2 protein chains.
Amino acid sequence: MAPAQPALLVAQSGGPTPVMNASLAGVVEQANLSGIPRVLGARYGIQGVLQRDLMDLKAQPPTLWPRLRRTPSAALGSCRRKLSGEDRQAILKTLIDLQVRYFLYIGGNDSADTALALDRTAREVGYDLQVVSIPKTIDNDLPGTDHCPGYGSAARFIAQSTQDAGLDTEAMRLSDPIKLIEVMGRDAGWLVAAATLGKPDEAHAPHLICVPERPLDIDAFLGAVESTYRRYGFVVAVVAETIRDLAGRPLGTANEVLAADAFGHPNLAGGAATLTALIGRRLGIRARFDKPGTIQRMSMALASPVDLDEAYSAGARAVLYALEGRSGCMVGFTRLEDAPYNCEMNAVDLSLVANQQRVLPAEYLDSGPFSISPRFRDYALPLIGGPIEAYPRLL
Amino acid sequence: MAPAQPALLVAQSGGPTPVMNASLAGVVEQANLSGIPRVLGARYGIQGVLQRDLMDLKAQPPTLWPRLRRTPSAALGSCRRKLSGEDRQAILKTLIDLQVRYFLYIGGNDSADTALALDRTAREVGYDLQVVSIPKTIDNDLPGTDHCPGYGSAARFIAQSTQDAGLDTEAMRLSDPIKLIEVMGRDAGWLVAAATLGKPDEAHAPHLICVPERPLDIDAFLGAVESTYRRYGFVVAVVAETIRDLAGRPLGTANEVLAADAFGHPNLAGGAATLTALIGRRLGIRARFDKPGTIQRMSMALASPVDLDEAYSAGARAVLYALEGRSGCMVGFTRLEDAPYNCEMNAVDLSLVANQQRVLPAEYLDSGPFSISPRFRDYALPLIGGPIEAYPRLL
């Protein structure tokens, strides 16, 4: 058999976003433009490489890619799997067997860790492999980049949905005056903070923001709920699903069915349910909660056009970095200006990214225990595609 | 003081929808067109009449109404309040004092009950009052009408979000293969059934549908989850928030903070959380749940254009009925044809509507214990504005 021509292998990893297929489309279309002879996709992330469950992406109809560019989730399938040393050796063997020279990994923190490990393993054995990571996470918690593709779209969903749920609570204040909204984001409050992006003024939703960076003083929170209720007649509080109390204990356990995923992240949920029950019991006020769950990371109707474009560009740029011989890097975004918004892409060393978490900086948390600094808007509004339109109200 | 000119009074009641402001706009714009000299709005439903918390809707800028037509929730405020005999007398006194001759009430079952009571009380004392109810409920459970404004939009949200959450689960099947989605609708399964409207084929989401019309056999449900998982590798189950077990006990209690609202409807929630925990414990498979909560009844991004138009028309038609001297009626929809969709409006006697519930008929429930008959699509697809676009997948 003649030696195979060099191949590019792309995989998707971690929790899906509305735009990670846009990154995939960017990779495949750029690979085709650049004349890479073989383009493979791994099913279910690194698992597909381990099990040689691969697809020939050149065999897909070219008309598919513009459509996938506007399709949420991970078309190749995704996974969460921590690599062992043995896994790394097995993967490298597969890559060598298949003559894969470019390995592109669309993912978050854990994927950066995987990509870095593969880069190092390939160097150790002297195999010429370019490993480039394409950032993807609604949590927005990767270091080395201004922001992460996926965040802007989920943030727009949360900003809009908080206004929606707020308008509902405002109207129903005589029956159901307290609303809690449970938001994803792991240990970082970027997505929770996005709930404030449509807030029209002090009196309207959201009133209280509980980010994971601030352990929750439950008594102080209940006090703030009560005083907000007395003042405005209704309360909307947005709570991280990973919220913990002052002793570091997770508030919710309802969804803690199997304790942790492969990376040791506990499957926490139910913080909002717990607080809802506490509000009823301790304050005697009827409360409800919304938990949009995976819907918050899947809505194409509320995707950010900026985010969709950047995700595509990051995929395409990763191919160019790989072809330039850069390896062990991630495509990062550097912001040049807030308004007009202007970002450029650059290569970030994966060792600065892997297994690191970038949480909300102190400058966004200095405006009170349950609020987010207005400065955060300058950062986040361009990412969600501009302001959330204010709802009209009767005079 | 000269006797006041005759007034129209409009109020909004019950849980908000994306289109109940469209009905309000229809009322006000038609009242203006018809030359009704005074148009009042009651704040927070019937509560605003009791407390004389009223607004002059003629004083609002006319440009507001086209904007409110595309604003979710209840701009006047809403409430759930059961009227006592004393309340009825007090309300009638207010209506007489204010020379209200037309009382238009945008609401669901409980509001129809209130409207009917007011109609009767006015007749008893010989006060000339036209009471017309404008149907509004995402639950779609009013008798005497083909469907209720509000349903089509919430149904489109649920149909789309189930595809979204399904695509997420499909991609994450190796980590989180089971997804439950908790859906509103009180004791009727119309909204839960709408989750099936985007289902592309047998293998894809949603796989299991649990409507309140069918008490849940928990063992059978867990068996169906397991066999679906073995067959397709992932499972999406859509569950009514009011789901009860075979003994009639509600599955969830997490949100049962204050036991019931003014009409005695228990504040049930948490069915999905309970089933999620059971799946983990009994099947040992990692499960998650989404609970869109009030977000499902507030999304303008996913509102049905048909629903928005019909809600507006129902408001305008109610004014015409009142001016024609019809009282004690609700604007109903009669379907003439499924395709092309064609409905006409007519006046339905409120005594046929008040405190009645129209649940899913047997003909939609005869295709298996956890599915919805395909015939339901013919009924519901026109209401959500046509098919949900199928997501493209890799070949």
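Chain A can be laid on chain B with an RMSD of 0.0 Å by a turn of 180 degrees and a shift of 0.0 Å along the axis, where copies are superposed by least squares on the C-alpha atoms of residues with pLDDT of at least 70 in both. That is the relation of a two-fold axis.

A word on conventions before we go on. This is a predicted model, in which local features need pLDDT of at least 70 and side-chain atom pairs count only at pLDDT 80 or more, while totals for chains, interfaces and linings use all residues. Residues are numbered from 1 along each chain as its sequence is written, and chains are lettered from A and ligands numbered from 1 in the order in which they are written.

**Where the chains meet**

How many residues does the contact take from each chain? Chain A gives 57 residues and chain B gives 57 residues, with two residues counted as in contact if their C-beta atoms, placed from the backbone, lie within 7 Å. On the side of chain A that touches chain B, α3 (64-68), α6 (151-171), α9 (271-283) and β9 (287-290) of chain A each supply at least two residues. Here helices (H or I, at least four residues) and strands (E, at least two) are DSSP runs, numbered from the N terminus. The largest share of that side, 6 residues, comes from α6(A). By class, the side of chain A that touches chain B has 31 nonpolar, 14 polar and 12 charged residues. For these classes, Ala, Val, Leu, Ile, Met, Phe, Trp, Tyr, Cys and Pro count as nonpolar, Asp, Glu, Lys and Arg as charged, and the others, Gly among them, as polar. Of the interface residues of chain A, 100% are also interface residues in chain B, so the copies meet through the same surface.

**Two domains in chain A**

Chain A is divided into domain 1 (7-149 + 302-352) and domain 2 (153-301 + 359-384); domain bounds come from an automatic or database domain assignment. The C-alpha centres of these two domains of chain A lie 31 Å apart. Across their boundary, 24 residues of domain 1 of chain A are in contact with 24 residues of domain 2 of chain A. The domain 1 side of this contact in chain A divides into 9 nonpolar, 6 polar and 9 charged residues.

**Helix packing**

Two packed helices are described by the angle between their axes and the distance between the axes. In this model, axes are lines fitted to C-alpha atoms, for helices over the stretch in contact, and angles run from 0 to 180 degrees between N-to-C directions.

| Helix pair | Angle | Axis distance |
|---|---|---|
| α6(A) and α11(A) (375-384) | about 100 degrees | 8 Å |
| α4(B) (85-97) and α5(B) (109-125) | roughly 70 degrees | within 10 Å |
| α1(B) (20-33) and α10(B) (305-323) | roughly 40 degrees | within 7 Å |

Angles under 35 degrees count as roughly parallel, over 145 as roughly antiparallel, 65 to 115 as roughly perpendicular and the rest as oblique.

Let us start with α6(A), which also takes part in the chain contact. α6(A) and α11(A) are roughly perpendicular to each other. Tyr151(A), Gly152(A), Ala155(A), Arg156(A) and Ala159(A) in α6(A) meet Ala380(A), Leu383(A) and Ile384(A) in α11(A). This contact is made of 6 nonpolar, 1 polar and 1 charged residues.

In chain B, α4(B) and α5(B) are roughly perpendicular to each other. α4(B) passes α5(B) in a right-handed crossing; a crossing is left-handed if the near helix is turned anticlockwise from the far one by less than a right angle, and right-handed if clockwise. Arg88(B), Ile91(B) and Leu92(B) of α4(B) meet residues of α5(B) including Ala117(B), Leu118(B) and Thr121(B).

α1(B) and α10(B), by contrast, are oblique to each other, and α1(B) passes α10(B) in a right-handed crossing. Their contact divides into 14 nonpolar, 5 polar and 1 charged residues.

**Backbone details**

Most residues other than glycine have a negative phi, and most peptide bonds are trans. Which bonds and residues are worth a look here? A cis peptide bond joins Ala205(B) and Pro206(B), with omega about -5 degrees, and Pro206(B) lies in the loop between α7 (190-193) and β7 (208-210) of chain B. The peptide bond from Ala339(B) to Pro340(B) is also cis, with omega near -5 degrees; Pro340(B) is found in the loop between β10 (329-337) and β11 (342-349) of chain B. In chain A, Tyr44(A) has a positive phi of about 55 degrees although it is not a glycine, and Tyr44(A) sits in the loop between β2 (38-42) and α2 (46-50).
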